[in-house]
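Good morning, colleagues. Please look at the sequence and the structure as they come up, and keep both in view while I speak.

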Amino acid sequence: MGTGGRSGPRPAKGAGGAVSGPCRYRCIECNEEARELYRDYRHGVLKITICKSCQKPVDKYIEYDPVIILINAILCKAQAYRHILFNTKINIHGKLCMFCLLCEAYLRWWQLQDSTQNTAPDDLIRYAKEWDFYRMFAIASLEQTAFFIGIFTFLWAERPRTTKRKPHFILLLKALLLSSYGKLLLIPAVIWEHDYTPLCLKLIKVFVLTSNFQAVRVALSINRKLSLLAILSGLLLESSMVCLFQRLEWDVGSDCAIYKSQDF
């Protein structure tokens with residue numbers, strides 16, 4: 001398959017051909033709207049649509065293996081983000097969000113257990129540890145909610161400058177949830193602990209924020225400055241939430257302080 005209209009492998013699952021009605025796809029190079037990603041002729045002959053604006057294929061990733069797309073997303077390439085957000089039908093953001101929160105709750109619970117000593121009976125200890133995990137999950141959820149609210153509040157206040165199109169905040173929420181996939185790395189970083197585990201946790205935090213930054217920029221088609229300010233606004237509100245929990249003398253084990261160093 002290619003721009004020359006020859007037979008070959010089918011496009012990736014979720015990619016679309018010609019559609020009637022309003023434009024529903026985006027060119028991954030220039031972000032212009034497109035009505036189709038490819039045209040399906042008879043006898044398995046497919047032709048990738050060429051963007052009328054930049055004269056490049058609307059979405060070259062429909063021919064790529066998912067592993068290649070994932071690698072490009074890890075490298076924070078805007079083209080890969082546009083492909084995932086605009087030209088595919090991925091509906092795993094809810095499940096991914098839940099799993100990421102579980103990973104973060106486990107990390108905090110692990111930090112809490114590592115820093116406390118308990119001489120209570122075994123049954124009571126197991127019960128207390130279970131509720132500690134639920135508490136860490138609730139706190140992680142509240143902090144992530146505060147982070148998202150900070151981003152949305154800033155972008156809502158700056159909406160005349162954010163985009164020429166009407167802001168699509170549902171798409172932005174989906175982009176933020178998907179771009180938080182880096183939190184899945186928390187579990188292996190904790191399981192295979194070593195002297196550099198605190199550094200690994202810091203790098204994971206930076207990677208997640210970088211992915212969030214790129215997701216905001218691509219989802220709303222805004223410049224890097226506004227995207228960076230939006231992420232900083234989210235971090236500010238999240239930090240305020242952490243300070244509130246600390247004033248209440250809750251041991252939150254938050255990653256907002258970019259994870260505490262420990263002796264392993």
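His 168 counts as partly exposed, because its relative accessibility is 44%; buried means under 20% relative accessible area, exposed over 50%, and partly exposed in between, with a 1.4 Å probe and protein chains only. His 168 lies in the loop between helix 5 (159–162) and helix 6. Helices here are DSSP runs of H or I with at least four residues, strands are runs of E with at least two, and both are numbered from the N terminus. In sequence, His 168 and Ala 219 are 51 residues apart, yet in space their C-alpha atoms are 7.9 Å apart.

Before going further, a word on the basis of these values. This is a predicted model, in which local features need pLDDT of at least 70 and side-chain atom pairs count only at pLDDT 80 or more, while totals for chains, interfaces and linings use all residues. Residues are numbered from 1 along each chain as its sequence is written, and side-chain values use heavy atoms, with hydrogens and water left out.

Now the overall arrangement. The protein has nine helices and five strands, and from the N terminus on the order is β-β-β-β-β-α-α-α-α-α-α-α-α-α. Of its 264 residues, 44% count as buried. Among contacts with a separation of 6 or more, 67% are accounted for by residues 24 or more positions apart; contact means heavy atoms within 4.5 Å.

I turn next to helix 2, residues 78–86. How much of helix 2 is buried? Seven of its nine residues are, so helix 2 is largely enclosed by the rest of the structure. The buried residues are Ala 78, Ala 80, Tyr 81, Arg 82, His 83, Leu 85 and Phe 86. What covers them includes strand 2 (25–26), helix 1 (66–74), helix 6 and helix 8.

Let us take the contact with helix 6 (residues 169–178). Helix 2 and helix 6 pack at an angle of about 120°, with their axes 11 Å apart; the axes are lines fitted to C-alpha atoms, for helices over the stretch in contact, and angles run from 0 to 180 degrees between N-to-C directions. Helix 2 is therefore oblique to helix 6, given that angles under 35 degrees count as roughly parallel, over 145 as roughly antiparallel, 65 to 115 as roughly perpendicular and the rest as oblique. Ile 84, Leu 85 and Phe 86 of helix 2 meet Leu 171, Ala 175 and Leu 178 of helix 6. By class, the residues of this contact are six nonpolar, no polar and no charged; Ala, Val, Leu, Ile, Met, Phe, Trp, Tyr, Cys and Pro count as nonpolar, Asp, Glu, Lys and Arg as charged, and the others, Gly among them, as polar.

Helix 6 itself is mostly covered, with eight of its ten residues buried. Among these are Phe 169, Leu 171, Lys 174 and Ala 175.

The second contact is with helix 8 (residues 197–220). Here the axes of helix 2 and helix 8 come within 10 Å and cross at roughly 65°, which means that helix 2 is roughly perpendicular to helix 8. From helix 2, Ala 78, Tyr 81, Arg 82, Leu 85 and Phe 86 meet Ser 211, Gln 214, Ala 215, Arg 217, Val 218 and Ala 219 in helix 8. The residues of this contact divide into seven nonpolar, two polar and two charged.

Two backbone positions deserve mention. Asn 31 is not a glycine, although its phi is positive, at about 70°. Asn 31 sits in the loop between strand 2 and strand 3 (33–34) and is buried, at 8% relative accessibility. Ser 221, likewise not a glycine, has a positive phi of about 55°. Ser 221 is found in the loop between helix 8 and helix 9 and is partly exposed, with a relative accessible area of 32%.

In helix 9 (residues 224–247) we find Leu 236, which counts as exposed because its relative accessibility is 60%. Leu 236 and Phe 147 are 89 residues apart in sequence, and their C-alpha atoms are 7.8 Å apart in space.

Finally, the cysteines. How many disulfides are there? The count is zero, where a disulfide is a pair of cysteine sulfur atoms within 2.5 Å. Cys 76 is buried, with a relative accessible area of 14%, whereas Cys 243 is partly exposed, at 43%.
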